[in-house]
Protein chains: 2
Amino acid sequence: MAFHKKEEFSQKEQDLANFAKAMSHPARIAILKVLAQRNECICGEIVDILPLAQSTVSQHLKELKNAGLINGTVDGPRSCYCINWKAFEKFNSEFTSLFNNLKVKNEKACC
Amino acid sequence: MAFHKKEEFSQKEQDLANFAKAMSHPARIAILKVLAQRNECICGEIVDILPLAQSTVSQHLKELKNAGLINGTVDGPRSCYCINWKAFEKFNSEFTSLFNNLKVKNEKACC
DNA sequence: TTCTTTAATCGTATATTTGCGATATAAGAT
DNA sequence: ATCTTATATCGCAAATATACGATTAAAGAA
């Protein structure tokens, strides 16, 4: 295999795939749910709720942050995370429109 | 590490994560686009379009099929794939609603 | 200054994904 | 019956993801 090939696809396809990848683990979906439910930012609370070790949760948070789906600020010993609604909105609409355009012309399944 | 832990999350979270995983590679997004653009089912055309070997494309198709996002029928030497709009619709709406509910109460970012 | 608390990072093990060439399979064409 | 064509599957190598314990870092409390 050796190499990635992901770069050979369009930027839009890559962006969408990265977004999907960020959502491709139940732990990260659970984290997003928790973040959405609270009005204030949480950190260690997530560790208490999820069935995962602190380091693992921290890793998942990092991936969500890298994907741009959450914002995080470090306040010394504690850090604060919350959902980046703008980014989420952007991906979500791109995602939906990707197929909705085509679906109209092509609703009937052929197999 | 040893074990998966994915099972410890809710079924809905797992389903959504699996859906996202199926979409988490640009090649699979490209495949879905191709399938959506044609009214008839294609097969080897995808291989010509994508910068990937035939066996790799076949593998991606299998994953999309396993995720339930496409249907496939084998017609002897050639096979026929197309998008399972119903399944796609289901996931897409679940996906959108997951956040839209919460977003209303919690639009303001705190960090 | 030292202790405590909270979270990030490092190191490591294992599992999964991605990719390809080679091979197998299955049906139609010759 | 053999050849051709289109796909799926196998076997393998390399890259990534998942998970955890241990360690580090950073700031406030004692």
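The side chains of K33(B) and E13(A) meet in a salt bridge with an N to O distance of 3.3 Å, a salt bridge being a side-chain nitrogen of Lys or Arg within 4 Å of a carboxyl oxygen of Asp or Glu. This pair crosses between chains, running from helix α2 (residues 26–37) of chain B, which holds K33(B), to helix α1 (residues 11–22) of chain A, which holds E13(A). The model is predicted, so that local features need pLDDT of at least 70 and side-chain atom pairs count only at pLDDT 80 or more, while totals for chains, interfaces and linings use all residues. Residues are numbered from 1 along each chain as its sequence is written, chains are lettered from A and ligands numbered from 1 in the order in which they are written, and side-chain values use heavy atoms, with hydrogens and water left out.

**Salt bridges**

- Over all chains, a search of the whole structure finds four salt bridges, and among them is the pair of K33(B) and E13(A).
- Within chain A, the side chains of E63(A) and R28(A) form a salt bridge of 3.1 Å, N to O; E63(A) lies in helix α4 and R28(A) in helix α2 (residues 26–37) of chain A, so the pair ties together parts that are 35 residues apart in sequence.
- In this pair E63(A) is partly exposed at 37% relative accessibility, while R28(A) is buried with a relative accessible area of 6%.
- Within chain B, E63(B) and R28(B) meet through their side chains in a salt bridge of 3.1 Å, N to O, and because E63(B) lies in helix α4 and R28(B) in helix α2 of chain B, the pair ties together parts that are 35 residues apart in sequence.
- E63(B) is partly exposed at 37%, and R28(B) is buried at a relative accessible area of 5%.

**Helices and chain A**

- Helices (H or I, at least four residues) and strands (E, at least two) are DSSP runs numbered from the N terminus, and on this basis chain A has five helices and two strands, which follow the order α-α-α-α-β-β-α from the N terminus on.
- Of the 111 residues in chain A, 45% are buried.
- Helix α2(B) has 12 residues and reaches 16 Å from its first C-alpha to its last, close to the 16 Å expected at 1.5 Å a residue, where the expected span is 1.5 Å times one less than the number of residues.
- Helix α2(B) is mostly covered, with 10 of its 12 residues buried, including R28(B), I29(B) and L32(B).
- In α4(B), the residues V57(B), H60(B), L61(B) and L64(B) are buried; they cover an arc of only 100° around the axis, which puts them on the same side of α4(B), the arc being that of the directions from the helix axis to the C-beta atoms.
- An α-helix has 3.6 residues a turn, so residues three or four places apart point the same way.
- The exposed residues Q59(B), K62(B) and N66(B) sit on the face of α4(B) turned away from its buried side.

**DNA strand C**

- Of the 29 residues around DNA strand C, K5(A), C43(A), Q54(A), S58(A) and Y81(A) come nearest, and a residue is near the strand if one of its heavy atoms lies within 4 Å of it.
- Phosphate oxygens of DNA strand C lie 2.7 Å from an N or O atom in the side chain of S58(A), 2.5 Å from a polar side-chain atom of Y81(A) and 3.3 Å from a polar side-chain atom of E63(B).
- The elements that give two or more residues to the surface near the strand are α4 (54–66) and β2 (78–83) of chain A together with α4 (54–66) of chain B, and the largest share, five residues, comes from α4(B).

Notes. Polar contact = N/O pair within 3.5 Å; in protein donor to acceptor, adjacent residues only side chain to side chain. Buried < 20%, exposed > 50% of the residue type's maximum accessible area, 1.4 Å probe, protein only.
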